[in-house]
Amino acid sequence: MPPPPPLHAEIDHILIEKTQRLLTVYKEGTPLRTYEIALGFTPDGDKEIEGDGKTPEGFFAINRRNPQSKFHLALGIDYPQTEDIKHARSLGKSPGGDIFIHGQPNSLPDSVVLPGDWTAGCIALSNQEIEELWRITPNGTTVEIRP
C-alpha cells in the first residue's frame, strides 16, 4: 500500500492517546492523520517525577523546536507545568522536563523504528513521520495527552 500523500496545511491540535499508542493531528476539529507512537519505558499513569519513565498527561503546547536533538528532530512540550512542579516538590523530587515529540535516535539508520516503548517519557515517531509533523506544527499548537 503506498504511503498517504504528504500533509501541507498547518495543524492546530495534537491528540495523543497513550493506551492506543496513537497521535492524531487536527485542523479546526477535523482529524487529518494518525500515527503510531512509542512512549516512555513505563507508560502507564501520569508523569510524576524525573526518571520515572512516564509520559505526562494533560493539556500542553508546543513551545520549542530542536533540529539538533540526539533524536531526529524534536518538538518540545511545555512540561512541567505549575501543578506538576508542586506535586513533584511535595514528594521531595524534581518533576523532570525535556519532554518532546521526536523521531528515532540519530545513531540509527533512517529506516529503523525501535519497537515498544523506549523513551524516557517522550513521544516517538518514525523519522519520516516526525519530518511531516515538524513541517505542519507551529509553535503554540495545543497537545492533549490522554491516558
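Guide: What follows is a walk through the sheet, strand by strand, and then through the contacts around it.

This is a predicted model, in which local features need pLDDT of at least 70 and side-chain atom pairs count only at pLDDT 80 or more, while totals for chains, interfaces and linings use all residues. Residues are numbered from 1 along each chain as its sequence is written, and side-chain values use heavy atoms, with hydrogens and water left out.

The sheet is open and has eight strands, in the order 3-2-1-8-4-5-6-7, with mixed pairing. Strands (E, at least two residues) and helices (H or I, at least four) are DSSP runs numbered from the N terminus, and two strands pair if DSSP finds at least two bridges between them. Strand 3 and strand 7 (123-124) are the edge strands, each pairing on one side only.

Begin with strand 1. Four of the five residues of strand 1 (residues 13-17) are buried, so this strand is largely enclosed by the rest of the structure. Buried means under 20% relative accessible area, exposed means over 50%, and partly exposed lies in between, using a 1.4 Å probe and protein chains only.

Strand 1 pairs with strand 2 (residues 22-27) in the antiparallel sense, over five bridges. His13 has Tyr26 in strand 2 as its bridge partner. The hairpin of strand 1 and strand 2 has four residues between the strands, and Arg21 there takes a positive phi near 60°. With strand 8 (residues 142-146), strand 1 pairs in the parallel sense, again over five bridges. Leu15 stands opposite Glu144 in strand 8.

Glu144 is buried, with a relative accessible area of 12%. Glu144 also forms a salt bridge with Arg146, the closest N and O atoms being 2.8 Å apart. A salt bridge here is a side-chain nitrogen of Lys or Arg within 4 Å of a carboxyl oxygen of Asp or Glu. Arg146 counts as partly exposed, at 37% relative accessibility.

Strand 2 and strand 3 run antiparallel and are joined by six bridges. Lys27 stands opposite Thr30 in strand 3. Helix 2 (residues 127-136) packs on the sheet and touches strand 1, strand 2, strand 3, strand 4, strand 5 and strand 6. The direction of helix 2 makes about 150° with that of strand 3. Contact means heavy atoms within 4.5 Å; axes are lines fitted to C-alpha atoms, for helices over the stretch in contact, and angles run from 0 to 180 degrees between N-to-C directions.

Glu28 is found in the loop between strand 2 and strand 3 (30-36). Most residues other than glycine have a negative phi, and most peptide bonds are trans. Glu28 has a positive phi of about 50° although it is not a glycine, and Glu28 is exposed, with a relative accessible area of 69%.

Arg64 forms a salt bridge with Asp98, with the closest N and O atoms 3.9 Å apart. Arg64 lies in strand 4 (residues 58-66) and Asp98 in the loop between helix 1 (82-90) and strand 6 (100-102), so the pair ties together parts that are 34 residues apart in sequence. Arg64 is partly exposed, with a relative accessible area of 26%, whereas Asp98 counts as exposed at 57%. Asp98 also has a positive phi, near 55°. A search of the whole structure finds seven salt bridges.

In one of them, the rings of Phe60 and Tyr79 have their centres 6.3 Å apart and their planes at 65°, so the pair is edge-to-face. Rings of Phe, Tyr and Trp (its six-membered ring) pair if their centres lie within 6.5 Å; planes under 30 degrees apart count as stacked, over 60 as edge-to-face, and the rest as tilted. Phe60 is in strand 4 and Tyr79 in the loop between strand 5 and helix 1, 19 residues apart. Phe60 is buried at 6% relative accessible area, and Tyr79 counts as buried at 4%.

The peptide bond from Tyr79 to Pro80 is cis, with omega near 5°. Pro80 is found in the loop between strand 5 (74-77) and helix 1.
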